[in-house]
Amino acid sequence: MFPSGGFALENKIFKAFVVEESDEKSFAGHVRKRNLTDLPEGDVTIRVNYSSLNYKDALSATGNRGVTKTYPHTPGIDAAGYIEESSEGQFKAGDPVICTSYDLGMNTPGGFGQVIRVPADWIVKLPSGLTLRESMIFGTAGFTAGLSVRKLTASVKPEQGPVLVTGATGGVGSIAVAILAKLGYSVTAVSGKTDAEVFLRSMGVREIISREAFTKDSSSPLLRPVWAGAIDTVGGEFLATAIKSTMPLGVVTCCGNAASPQLPITVFPFILRGVTLAGVNSQSCPMPIRKELWGKLADEWKFDRLEDICTEISLEALSEKIPLILKGQLKGRTVVNLER
Ligand code: NDP
């Protein structure tokens, strides 16, 4: 009884994108047949209809031991689908659910497989305003954008001035831009993609700054205060420049390190301007906030152009997309349809 009318789970066999390590210590992913007995013990078995490609999946798929310790392994930190079996009373077969973060796709077989088995407390019921596919257009990147927006908007209001988003065409960045624009903020984007103007304007961006222009002449301990707040997704000198050019009492969020894990900065923006640096970690987000955020993404934060940021692929196409996300070359979100 699967409302999606999806694939048949014959002989307990399903398809998964499995990353294997060769004798030469190189890593490659292949679509393989897996058996339900390959999955770990867990409260809930879910047939996955959609997953999505996140930066962390690309790290897992290329042998990053900080993310995944042992191979062969099925990445995929995001999954959305229907419950097949549950030993926990709050879920029943056929319920549409979302499972993101915790250990999914890191050291637990993840959403790049047509079936996952996980603890019940990793799961959120699909909110009524979202389809399974839409939930994966958001995915962990959208959830992280939501957490960042939540931290910024708690103290920075639209009338205080423009807000900045770095890595603006990426998964987290593009969704942060769209939510902030929908909430009435004037958004300035930093992007390295010279062909991204039409895309970024369609998401609601007012101004676009190239990566080079943003970080040029940014070596002083303090810069002219321009931003009421900022959402940084890339770290390094981009985060440092955002903090140094934020107005007194502004908030800058930090979630990623696509540019660098370093933060080359002095204490002056904090002690002379009272700027707050707010860390964002989606993986450890407590369940009450997780439910609140999914509710907002399904309702007041859901934006009209959600489909426009989505590229849909099959499991077979993951191998081409993984190197591109590592090079920062993808735009928006890549959704994996596991029924294709
Ligand atoms: P994407 O790859 O989709 O987007 C990252 C964007 O950053 C790129 O599209 C590019 O945007 C920009 N970028 C890439 N490389 C560089 C570089 N060398 N210098 C400057 N800018 C660069 O990734 P996501 O948006 O999904 O994730 C962004 C970051 O957030 C990653 O580091 C990821 O690991 C992290 N993350 C953290 C989470 C948390 O809980 N803390 C959860 C989810 C993600 P453009 O071309 O427009 O400049």
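What follows is a set of questions about labels, each answered by setting a value against a definition.

Author: This is a predicted model, in which local features need pLDDT of at least 70 and side-chain atom pairs count only at pLDDT 80 or more, while totals for chains, interfaces and linings use all residues. Residues are numbered from 1 along each chain as its sequence is written, and side-chain values use heavy atoms, with hydrogens and water left out.

Reader: What is the mean pLDDT of the protein chain, and where is the pLDDT below 50?

Author: pLDDT is the predictor's confidence in each residue, from 0 to 100. The protein chain has a mean of 95, with 97% of its residues at 70 or more. Residues 1-7 fall below 50, although this stretch has 16 contacts (heavy atoms within 4.5 Å) beyond near neighbours in sequence. Where pLDDT is low, the predicted coordinates should not be read in detail.

Reader: Why is the pair of Phe17 and Phe112 called edge-to-face?

Author: Rings of Phe, Tyr and Trp (its six-membered ring) pair if their centres lie within 6.5 Å; planes under 30 degrees apart count as stacked, over 60 as edge-to-face and the rest as tilted. The centres of Phe17 and Phe112 are 6.2 Å apart and their planes stand at 80 degrees, so the pair is edge-to-face. Phe17 is in strand 1 and Phe112 in the loop between strand 5 and strand 6, so the pair ties together parts that are 95 residues apart in sequence. Helices (H or I, at least four residues) and strands (E, at least two) are DSSP runs, numbered from the N terminus. The structure holds six aromatic pairs.

Reader: What makes Phe17 buried, and what makes Leu249 exposed?

Author: Buried means under 20% relative accessible area, exposed over 50%, and partly exposed in between (1.4 Å probe, protein chains only). Phe17 has 2% and is therefore buried; Phe112, at 0%, is buried too. Leu249 has 66% and is therefore exposed. Leu249 lies in strand 12 and has a positive phi, near 70 degrees, in a residue other than glycine.

Reader: Why is helix 6 described as largely enclosed by the rest of the structure?

Author: Eight of the nine residues of helix 6 (residues 236-244) are buried, so the helix is largely enclosed. Among them are Phe238, Leu239 and Ile243.

Reader: How do you know that Lys25 forms a salt bridge with Glu21?

Author: A salt bridge is a side-chain nitrogen of Lys or Arg within 4 Å of a carboxyl oxygen of Asp or Glu. The closest N and O atoms of Lys25 and Glu21 are 3.8 Å apart, which is a salt bridge. Lys25 is exposed at 61%, whereas Glu21 is partly exposed at 29%. In the whole structure, 17 salt bridges are found.

Reader: Which residues does the salt bridge of Lys296 join, and at what distance?

Author: Lys296 and Glu292 meet at 3.5 Å, N to O. Both lie in helix 8, four residues apart, which means that about one helical turn separates them.

Reader: What makes Glu312 and Arg340 a link between parts of the chain?

Author: Their side chains meet in a salt bridge at 3.3 Å, N to O. Glu312 lies in strand 14 and Arg340 in the segment after strand 15, so the pair ties together parts that are 28 residues apart in sequence. Shared partners join Arg133, Glu307, Glu312 and Arg340 into one network of salt bridges.
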